[in-house]
There are 2 protein chains.
Amino acid sequence: MNVVSKKILFNEPLTLGSGEMLPGFELMTETYGELNQEKSNAVLVCHAFSGNHHAAGIKEENAKPGWWDELIGDGKTIDTEKYFIVSLNNIGGCHGSTGPTSISPKTEQAFGAGFPEVSVSDWVETQKLLADHLEIDCWEMVVGGSLGGMQALQWAISYPDKIKKAAIIAASSKISTQNIALNEVAREIIKKDECFHNGDYLSHGETPSKGLKAARMLGHITYLSESNMSKRFGRKLQDPLTKMDADINYEVENYLQYKGEQFAKTFDANSYILMTKAMDSFDPAKNFDHDLVKCLKSIQAKLLIASFDSDWLFPKEYGLDIQMSAIKAGIDSTYIELNGEYGHDSFLFYSNDYSVALKNFLNSNG
Amino acid sequence: MNVVSKKILFNEPLTLGSGEMLPGFELMTETYGELNQEKSNAVLVCHAFSGNHHAAGIKEENAKPGWWDELIGDGKTIDTEKYFIVSLNNIGGCHGSTGPTSISPKTEQAFGAGFPEVSVSDWVETQKLLADHLEIDCWEMVVGGSLGGMQALQWAISYPDKIKKAAIIAASSKISTQNIALNEVAREIIKKDECFHNGDYLSHGETPSKGLKAARMLGHITYLSESNMSKRFGRKLQDPLTKMDADINYEVENYLQYKGEQFAKTFDANSYILMTKAMDSFDPAKNFDHDLVKCLKSIQAKLLIASFDSDWLFPKEYGLDIQMSAIKAGIDSTYIELNGEYGHDSFLFYSNDYSVALKNFLNSNG
């Protein structure tokens with residue numbers, strides 16, 4: 001598999017949905033496989049909340065494989081021998097693309113809290129500029145899970161003739177009140193860390209890592225299913241020799257402490273806030289009198305909508321709601337409910353049914 | 001309704017399940033109605049996680065009614081014209097009974113983080129001492145919701161001949177891995193507040209109110225149901241004039257901010273930690289080879305087990321598990337699943353079915 005990592009500079013100013021402007025921006029990208037001569041075999045992979053451009057392959061020795069390495073590669077579900085896969089870190093993120101930790105040309109300091117609000121539509125606009133840069137006129141498929149699935153849906157709405165298929169996995173056309181509430185708790189935890197400094201922690205030489213850690217611990221619970229946690233940890237007590245903290249009793253506490261701490265080392269707090277706000281505000285039907293059927297009518301792409309039975313964060317009702325609206329809108333759409341052991345996170349992992357469904361969808365006639 | 005508030009001092013040292021000792025303790029109590037001459041009409045009401053002794057009535061003008069005022073009173077479900085109801089704040093709490101904010105006779109300072117670990121069994125032991133003090137030999141009923149229901153269950157196990165009926169509402173014989181995980185996140189948030197000072201915030205003249213607030217915001221989400229939140233708040237935007245914080249977009253965010261802030265003014269952080277730890281560790285079957293059937297065999301009380309359909313924190317499977325074990329143990333037990341609009345919190349509110357079930361159970365022959 002041919003893997004190319006590249007940071008691409010876009011010099012033109014970008015006006016965001018909020019009305020604010022970025023004076024140019026960079027996208028950190030990874031591509032897998034080869035673009036054919038007709039440029040007709042391109043697949044765009046959109047990352048979820050805390051994902052990034054590193055979707056497949058192993059970049060350096062001992063490094064982690066990409067977050068969707070189980071599904072992307074030579075002979076795999078999204079076959080790099082047939083398709084050219086494009087992955088990127090979205091703007092507002094913290095893994096190489098322009099985001100709150102980037103230097104603002106205006107102030108010559110990190111954007112920090114001053115980084116403008118971004119939306120799923122803004123990401124699709126930057127991805128369209130990336131497609132233009134790569135001279136890809138039309139994606140064979142845009143695919144993503146969770147927040148990534150929202151981008152796939154938005155692509156189908158924003159650019160009906162630039163995308164043949166959209167695979168919308170473990171996603172929603174708008175998140176629930178409970179999800180907004182959980183995101184608000186995470187933001188509250190981060191913002192009240194004494195090292196947050198109203199988002200300007202970088203200029204203070206600090207990071208709100210305690211807040212980030214606790215926010216991720218909460219997030220992690222919502223990404224897994226209750227049954228998966230029960231099976232893995234049950235009520236097993238933690239070995240005292242490997243306790244992260246003296247007050248810990250149970251294995252699950254130690255696991256969350258560890259996961260939270262690891263995450264806090266690699267993620268930016270302002271990005272966390274921006275990404276959750278983008279998730280909260282996603283609601284494409286808003287511009288169509290809150291009528292999702294009307295909103296989907298212009299879609300020309302085929303849709304595959306997939307939900308996982310153990311996902312309680314984005315339960316199957318969300319997928320079924322998009323599907324019913326798509327059917328009512330008279331567009332070409334299919335729906336599957338998959339067994340997934342890992343709750344919401346199931347979209348990250350290979351299973352035979354999942355793989356067959358995605359592969360057959362991708363290989364079908366557009 | 002005759003309401004009596006009283007703080008009762010117990011001079012004898014109390015050895016806790018952990019092996020630690022309290023050199024005497026106080027219980028803040030409220031009673032409703034009159035104890036009859038035979039002392040045979042007493043009902044013990046056990047409070048849930050953040051509840052207290054003030055279960056019914058209005059103490060002062062403009063003050064809040066008790067947390068179960070809808071069900072306790074003259075002519076109400078638990079009828080104070082027939083029954084003498086005893087309510088108390090549990091030790092380790094922060095509403096008048098001995099807890100982390102009380103002065104330790106040893107150090108002459110607040111116990112703070114030095115307050116010993118408490119358990120549901122410890123609470124039952126102190127409640128037994130309270131019964132002795134009141135010369136109540138046998139409760140007509142012990143009743144509680146959530147963590148209160150665990151106390152009712154423990155009473156039936158610990159004192160088979162001192163309790164005629166136990167009403168175990170929205171409770172569990174042990175909480176799930178996910179619940180432990182959520183409690184650990186709440187503890188993490190509180191403990192990492194810079195004002196926590198390893199639990200000795202009182203001696204620093206501070207309170208970790210930011211941590212308490214965020215922990216409660218999280219808790220509040222788990223007490224409600226997704227459908228209730230959707231119905232109440234949906235995706236409605238908050239009126240800018242009444243925003244608790246400039247970054248707030250949605251009504252549900254503002255609501256949680258408000259609720260969290262109110263809670264942080266009245267609750268103690270060490271109590272929060274102690275109470276969640278007591279909830280985590282409750283598992284009476286542990287002492288019976290993890291066999292709940294064996295654990296319940298000695299029970300002589302009649303049981304009423306009730307779950308609410310919208311409760312996702314303590315879902316009906318928990319209630320059904322106690323019920324199945326009770327049936328296998330050959331004890332007198334009945335189960336109902338109630339419609340509840342408010343998720344886990346449904347146990348706090350009156351409904352006709354709920355009231356009839358509880359009233360008929362209480363009035364039945366013991």
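How far apart do the C-alpha centres of domain 1 and domain 2 of chain A lie? They lie 25 Å apart. The structure is a predicted model, in which local features need pLDDT of at least 70, side-chain atom pairs count only at pLDDT 80 or more, and totals for chains, interfaces and linings use all residues. Residues are numbered from 1 along each chain as its sequence is written, while chains are lettered from A and ligands numbered from 1 in the order in which they are written.

**Confidence**

pLDDT is the predictor's confidence in each residue, from 0 to 100. Chain A has a mean pLDDT of 96, and 99% of its residues reach 70 or more. For the complex, the predictor gives an ipTM of 0.92 and a pTM of 0.94.

**The two domains of chain A**

Domain bounds come from an automatic or database domain assignment. Domain 1 of chain A covers 3-175 + 283-363, and domain 2 covers 179-276. Between them, 24 residues of domain 1 of chain A are in contact with 19 residues of domain 2 of chain A. Contact requires the C-beta atoms of two residues, placed from the backbone, to lie within 7 Å. The domain 1 side of this contact has 11 nonpolar, 10 polar and 3 charged residues. Here Ala, Val, Leu, Ile, Met, Phe, Trp, Tyr, Cys and Pro count as nonpolar, Asp, Glu, Lys and Arg as charged, and the others, Gly among them, as polar.

**Where chain A meets chain B**

Each chain brings residues to the contact: 31 from chain A and 31 from chain B. On the chain A side, the elements giving two or more residues are α3 (177-191), α4 (209-223), α5 (226-232) and α6 (251-266). Helices (H or I, at least four residues) and strands (E, at least two) are DSSP runs, numbered from the N terminus. α3(A) gives the most, with 9 residues. By type, the chain A side divides into 14 nonpolar, 6 polar and 11 charged residues.

**Helix α6**

α6(A) has 16 residues. Its first and last C-alpha atoms are 23 Å apart, close to the 22 Å expected at 1.5 Å a residue. That expected span is 1.5 Å times one less than the number of residues. Buried residues of α6(A) include Tyr255(A), Leu256(A), Gly260(A) and Ala264(A). Their cover includes α4 and α5 of chain A, together with α3 (177-191) of chain B.

The unreviewed UniProt entry lists Arg216(A) and Asp345(A) under "binding site". UniProt positions are given in the numbering used here, feature names are shortened, and annotations may be inferred rather than shown by experiment. These two residues are spread over 130 residues of sequence, yet they cluster in space, with a largest C-alpha distance of 13.8 Å.

A residue is buried if 20 or more other C-beta atoms lie within 10 Å of its own, exposed if 12 or fewer, and partly exposed in between, with C-beta atoms placed from the backbone.

| Residue | Other C-beta atoms within 10 Å | State |
|---|---|---|
| Arg216(A) | 25 within 10 Å | buried |
| Asp345(A) | 23 within 10 Å | buried |
| Asp283(A) | 18 within 10 Å | partly exposed |

Arg216(A) sits in helix α4 of chain A. Beyond four places in sequence, Arg216(A) touches Lys259(A), Gly260(A), Phe263(A) and Ala264(A). Asp345(A) lies in the loop between β12 (333-338) and α10 (352-363) of chain A. With neighbours within four places left aside, Asp345(A) is in contact with Tyr223(A) and Leu224(A).

Asp283(A) is found in the loop between α7 (269-281) and α8 (292-296) of chain A. Not counting residues up to four places away, Asp283(A) touches Lys174(A) and Arg235(B). The C-alpha atoms of Asp283(A) and Val120(A) are 9.3 Å apart, although 163 residues separate them along the chain.
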